[in-house]
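Please read the points below with the sequence and the model open beside them. They are set out in the manner of a colleague's note.

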Amino acid sequence: MSETASVTRQLLSAPLPQIIERLGIAIAQAQSALDRNSIETAKAMAEAEIELGGETHNLISLGFTPTFYSFTEATVEAKLSFSMTESTEFGVSAGATVGVQAGFVMVAASVNVSYARKFSVSAEGMSSIAARLVSLPPPENLENLLRKISEPTPAPAPNP
């Protein structure tokens, strides 16, 4: 089997479905981690109290909200490059020597012939994975619940 066919077969059998599956799972896990982080941030904002004008407020009651992030796109890019070269070299050289000695004529001839055929195959690959994140407002139900929880409780009315 030729080298070109072997390289081509290997590249065509690349596990593209597994790469896409792993990318999807990685994004789902990352999204889950981002959501947990935003929820922990919301809890911390609800518990953090500051005093303003003699009153105590938490950050949620002051209008702060945690930032939520979402993956909007993910791209897998693969680039392959094949190169095959073939060269043939052919060379001929000849030489003759004539010599006369004691009435004899001597003739010598030499012929050099060379033939070379060279093959070269190369394959290069490059891949990249990119993901895009955007920030989103917190879910409306969570925001409403956080505001409700963070509202100051009215002081009990004095008993007459």
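The points that follow go from the overall make-up to individual residues.

1. Basis of the note. This is a predicted model, in which local features need pLDDT of at least 70 and side-chain atom pairs count only at pLDDT 80 or more, while totals for chains, interfaces and linings use all residues. Residues are numbered from 1 along each chain as its sequence is written, and side-chain values use heavy atoms, with hydrogens and water left out.

2. Overall make-up. The protein has three helices and four strands, where helices (H or I, at least four residues) and strands (E, at least two) are DSSP runs numbered from the N terminus. Read from the N terminus, the order of the elements is α-α-β-β-β-β-α.

3. Of the 160 residues in the protein, 10% are buried; buried means under 20% relative accessible area, exposed over 50%, and partly exposed in between, with a 1.4 Å probe and protein chains only. Among the contacts in the protein with a separation of 6 or more, 70% are between residues 24 or more positions apart, a contact being heavy atoms within 4.5 Å.

4. Helix H2. Helix H2 covers residues 16-47, and its 32 residues reach 47 Å from the first C-alpha to the last, which is close to the 46 Å expected at 1.5 Å a residue; the expected span is 1.5 Å times one less than the number of residues. Which residues of H2 are buried? They are Leu-23, Ile-27, Gln-31, Ser-38, Ala-42 and Met-45.

5. A nonpolar patch. Leu-16, Ile-19, Ile-20, Val-76 and Ile-129 form a nonpolar patch on the surface, and together they have about 420 Å² of accessible area. Patches are made of residues with over 30% relative accessible area and no salt bridge, with like charges joined within 9 Å and nonpolar side chains (Val, Leu, Ile, Met, Phe, Trp, Tyr) within 5 Å. H2 provides the largest share of this patch, three residues. Ile-19, which lies in helix H2, is partly exposed, with a relative accessible area of 32%.

6. Three salt bridges are counted, a salt bridge being a side-chain nitrogen of Lys or Arg within 4 Å of a carboxyl oxygen of Asp or Glu. In one of them Glu-40 pairs with Lys-43, and their closest N and O atoms are 3.6 Å apart. Both residues belong to helix H2 and are three residues apart, about one turn of the helix. Glu-40 is partly exposed at 47% relative accessibility, and Lys-43 is partly exposed at 45%.

7. Arg-117 forms a salt bridge with Glu-86, with 2.3 Å between the closest N and O atoms. This pair links distant parts of the chain, since Arg-117 is in strand E4 and Glu-86 in strand E3, 31 residues apart. Glu-89 forms a salt bridge with Lys-118, with 3.7 Å between the closest N and O atoms. Here too distant parts of the chain are linked, with Glu-89 in strand E3 and Lys-118 in strand E4, 29 residues apart. Glu-89 is partly exposed at 43% relative accessibility, and Lys-118 is partly exposed at 46%.

8. The aromatic pair. The structure holds one aromatic pair. The ring centres of Phe-90 and Tyr-115 are 6.5 Å apart and the planes stand at 65°, so the pair is edge-to-face; rings of Phe, Tyr and Trp (its six-membered ring) pair if their centres lie within 6.5 Å, and planes under 30 degrees apart count as stacked, over 60 as edge-to-face and the rest as tilted. Phe-90 lies in strand E3 (residues 68-101) and Tyr-115 in strand E4 (residues 104-136), so the pair ties together parts that are 25 residues apart in sequence. Both Phe-90 and Tyr-115 are exposed.

9. Leu-59. Leu-59 sits in the loop between strand E2 (55-58) and E3, and at 22% relative accessibility Leu-59 counts as partly exposed. Between the C-alpha atoms of Leu-59 and Ala-46 there are 6.1 Å in space, although the two are 13 residues apart in sequence. Neighbours within four places in sequence left aside, Leu-59 is in contact with Met-45, Ala-48, Ile-50 and Phe-64.

Methods:
Accessible areas come from the Shrake-Rupley method with a 1.4 Å probe; for residues, only the protein chains shown count as cover.
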